[in-house]
Amino acid sequence: MSFGLLAGGAVAALFASGISPQGASVSDVPPEKIQVSVNTVNGSGCPKGTAAVAVSSDNTAFTVTYSDYLAQVGAGADPTDIRKNCQLNLGVHVPQGFTYAIASVDYRGYAHLEKGAKGTEKASYYFQGSADTTSRTHDFNGPYSDNWQTRDSTDYSALVWAPCGVDRNFNINTELRVNAGTSTSGSTSFMAMDSTDGSSNTIYHIAWKECPSVR
């Protein structure tokens with residue numbers, strides 16, 4: 001599956017409250033558009049045709065939308081359903097003279113966890129060829145039956161920046177896991193990277209800075 005994407009106005013409304021990391025300024029955002037393409041999509045949480053990417057019109061974020069990302073345990077679930085994952089390899093082309101970092105990520109979905117059950121959302125990020133991997137984990141304990149939301153954020157001083165002057169692929173690995181724990185036998189617990197109306201997006205907020213001039 002491959003999507004060639006340019007910035008589009010269709011998702012602009014999602015980013016009206018985009019962040020500005022400490023140490024960055026609005027002038028750091030390049031006037032030319034970032035380009036993001038999906039090179040590969042692999043994993044039980046994102047079967048072919050169920051993940052899509054779009055870039056905001058103001059170059060401050062991009063979104064990933066999933067339509068079949070569900071982990072579950074209990075009645076009606078297969079043993080392999082307790083963990084679902086998705087690995088995205090994104091080709092990112094940035095305007096000349098700029099570099100970027102992922103400043104924060106908003107994950108959203110819906111979960112139903114019986115009393116004694118636990119759900120986990122985990123994500124890791126790294127640039128092609130880099131040894132720096134950032135990982136975050138969030139746990140939810142039952143009883144819980146509602147929309148959920150998490151945010152992974154990094155202080156500006158600790159951001160991992162893409163190398164200047166070259167295009168490097170950006171890798172995103174996400175995981176949902178559900179553990180029955182002490183929940184009642186025969187019950188079902190699940191956690192989805194989606195919302196009840198199927199309109200939830202994962203939002204990746206971008207920080208920008210100018211590359212040093214080469215003299």
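Are K84 and D81 buried or exposed?

Guide: Both K84 and D81 are buried. Buried means under 20% relative accessible area, exposed means over 50%, and partly exposed lies in between (1.4 Å probe, protein chains only).

A word on the ground rules. This is a predicted model, where local features need pLDDT of at least 70, side-chain atom pairs count only at pLDDT 80 or more, and totals for chains, interfaces and linings use all residues. Residues are numbered from 1 along each chain as its sequence is written, and side-chain values use heavy atoms, with hydrogens and water left out.

Back to the pair. Side chains of opposite charge can pair when their charged atoms come close. K84 and D81 form a salt bridge, with 3.7 Å between the closest N and O atoms. The rule for a salt bridge is a side-chain nitrogen of Lys or Arg within 4 Å of a carboxyl oxygen of Asp or Glu. The structure holds 4 salt bridges.

Take another. D106 forms a salt bridge with R151, and their closest N and O atoms are 2.7 Å apart. D106 lies in strand β7 and R151 in strand β10, so this pair ties together parts that are 45 residues apart in sequence. Strands (E, at least two residues) and helices (H or I, at least four) are DSSP runs, numbered from the N terminus. D106 has a relative accessible area of 5%, so D106 is buried. R151 counts as partly exposed, at 40% relative accessibility.

D106 has polar contacts as well. A polar contact is a pair of N or O atoms within 3.5 Å; within protein, one must be able to donate a hydrogen and the other to accept it, and residues adjacent in sequence count only if both atoms are side-chain atoms. Another, of 2.9 Å, joins the side chains of D106 and H205.

Now look at E175 and R177. Their side chains meet in a salt bridge, 3.0 Å from N to O. E175 is buried, at 14% relative accessibility. R177 is partly exposed, at 34%. R83 joins E175 and R177 in one network, through salt bridges that share partners.

Next come the sulfur links. A disulfide is a pair of cysteine sulfur atoms within 2.5 Å. By this rule there are 2 disulfides. Counting bonded cysteines along the chain, the pattern is 1-2, 3-4.

C46 and C86 form a disulfide, with sulfur atoms 2.2 Å apart. The torsion about their S-S bond is about 100°, so this disulfide is right-handed. C46 lies in the loop between β2 (35–42) and β3 (51–55), and C86 in strand β6 (residues 83–93), so the pair ties together parts that are 40 residues apart in sequence. C46 and C86 are both buried.

C164 is joined to C211 by a disulfide, 2.1 Å from S to S. Here the torsion is about -95°, so the disulfide of C164 and C211 is left-handed. C164 lies in the loop between β10 and β11, and C211 in the segment after β13 (202–210), so the pair ties together parts that are 47 residues apart in sequence. C164 is partly exposed, at 39% relative accessible area. C211 is buried, at 15%.

Last stop: the nonpolar residues. A nonpolar core is a set of buried Ala, Val, Leu, Ile, Met, Phe, Trp, Tyr and Cys residues joined through side-chain atoms within 4.5 Å. The largest such core has 42 residues, and F62 and Y100 touch the most other members. Strand β7 (residues 98–113) gives the most to this core, with 7 residues. Another core, of 5 residues, lies apart from the largest one, and among its members are A103, L159, W161 and A207.

Follow W161. W161 sits in the loop between β10 (144–153) and β11 (170–179). W161 and T99 are 62 residues apart along the chain, yet their C-alpha atoms are separated by 6.6 Å. Contact means heavy atoms within 4.5 Å. Not counting residues up to four places away in sequence, W161 touches residues including T99, Y100, F127 and W208. On the same terms, Y100 touches residues including V92, V160, W161 and I206.
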